[in-house]
Amino acid sequence: MTTSLADESALLAELRGLAEQGRHREVLGRLERLPPEAIASRTPFALLAAEAHGRLGAHRDAERWAQAALAVARGRGERHAELRARNYQGAIALERGEVDRAEPHFAAALDLARTLGDHAAQARCFNNLGIIANLRGDSGAALASYQLALAAYQQAGLVRGMVETHHNIGISWRDMGDLRRALMAAGDAVRLADQFGDWSLAALALAGRAELHLLLGDVALAAAELGRAEAAYLRLQHPVGLAEVWRLEAGVAKAQGDVAGAVATLRRAADLAGQQGSAHTLAEIERDLGSALAALGDDAAARAARERAVGLYRRLGAAKAAAEIAALIP
């Protein structure tokens, strides 16, 4: 299959528009019409393939395309493409739970972003380094990284990054016990996502705010927002996001007294997250499953779930979370 430069430019513009709207399944559908060698030899297409697979939880495919993009970018001296590929490699490693492998990618990407004066890339690096700090239990350092990321995203005018960073800021305030500030950050994420009109962003933001409503005891509001998030993730065929929503819906069921229903939902979520290789999502599901099974009086199964959670958190470098769960195991 051959395409003219004009056709290729038009296709690239279309794919970038779809990706910006969070329509990653459609991006892959359009790329599948191209020969694999055509994608692998063009860094913009390979980067789009890496991003789309990564957003949808297909981490092996995402890593394959990120490596292909990095090789071509280095060979051709395409520094900005090299930067994006390094950042993607870090993000993929992080999602798979390979934190020690992810951090050098982000550090190298941040140095290159500063050299190139790329504010958007710097923002992504700060955001990802914040996630690593949060996993390691240092919420203050995570918050500082997120605030740097937010400023850089605002300077670059990237709404998607602003939404994701407000969401992460909310997580840090939540972990620091300040639910009022957490709810404000989550509200900013929902507002911006709604303005942007992106289903995947809206689902992420709604799920984050729903978790805070659940912690504050507003179970009905949490359930309503999770219903909207679930519908969006189902529409987008987004398994990792769906597994996270199911985890939170199990929390709603448990709060309503349906502990057996919560256990069933958590097991379904664990199966889905395990298939996608999303280590952090699976760790949180196993942690909650252990708590629900203990509430049912199934001590052996609760112990097994908690041991799995401890193993996953240790793999993520989340020593504090692992220790907190290990302390519950008799």
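E211 is buried, with a relative accessible area of 15%; buried means under 20% relative accessible area, exposed means over 50%, and partly exposed lies in between (1.4 Å probe, protein chains only). The model is predicted, so local features need pLDDT of at least 70 and side-chain atom pairs count only at pLDDT 80 or more, while totals for chains, interfaces and linings use all residues. Residues are numbered from 1 along each chain as its sequence is written, and side-chain values use heavy atoms, with hydrogens and water left out.

E211 forms a salt bridge with R174, and the closest N and O atoms are 3.1 Å apart. A salt bridge here is a side-chain nitrogen of Lys or Arg within 4 Å of a carboxyl oxygen of Asp or Glu. E211 belongs to helix α12 (residues 199–215) and R174 to helix α10, so the pair ties together parts that are 37 residues apart in sequence. Helices (H or I, at least four residues) are DSSP runs, numbered from the N terminus. Through shared partners, salt bridges join R174, D175, E211, E244, R247, E284, R287 and D288 into one network.

The whole structure holds 25 salt bridges. One of them links the side chains of R55 and E51 at 3.9 Å, N to O. Both residues lie in helix α4 (residues 43–55), four residues apart, which is about one turn of the helix. R55 is partly exposed at 29% relative accessibility, whereas E51 is buried at 15%. R101 and E98 form a salt bridge as well, with their closest N and O atoms 2.8 Å apart. Here R101 is partly exposed at 36%, and E98 is partly exposed at 26%.

Charged groups also meet rings. A charge sits over a ring if NZ of Lys or CZ of Arg is within 6 Å of the ring centre and within 35 degrees of the ring normal. The charged end of R235 sits over the ring of W199, 4.2 Å from its centre. Likewise, the charged end of R268 is placed over the ring of W246, 3.9 Å from its centre.

Two single residues remain. T165 is in helix α10 (residues 159–175) and is buried, with a relative accessible area of 0%. Leaving aside residues up to four places away in sequence, T165 touches N127, Y146, A149, L150 and Y153, where contact means heavy atoms within 4.5 Å. Q237 is in the loop between α13 (219–236) and α14 (239–255). Q237 is partly exposed at 48% relative accessibility, and its phi is near 55 degrees, a positive value in a residue other than glycine.

Technical notes. Helices (H or I, at least four residues) and strands (E, at least two) are DSSP runs, numbered from the N terminus.
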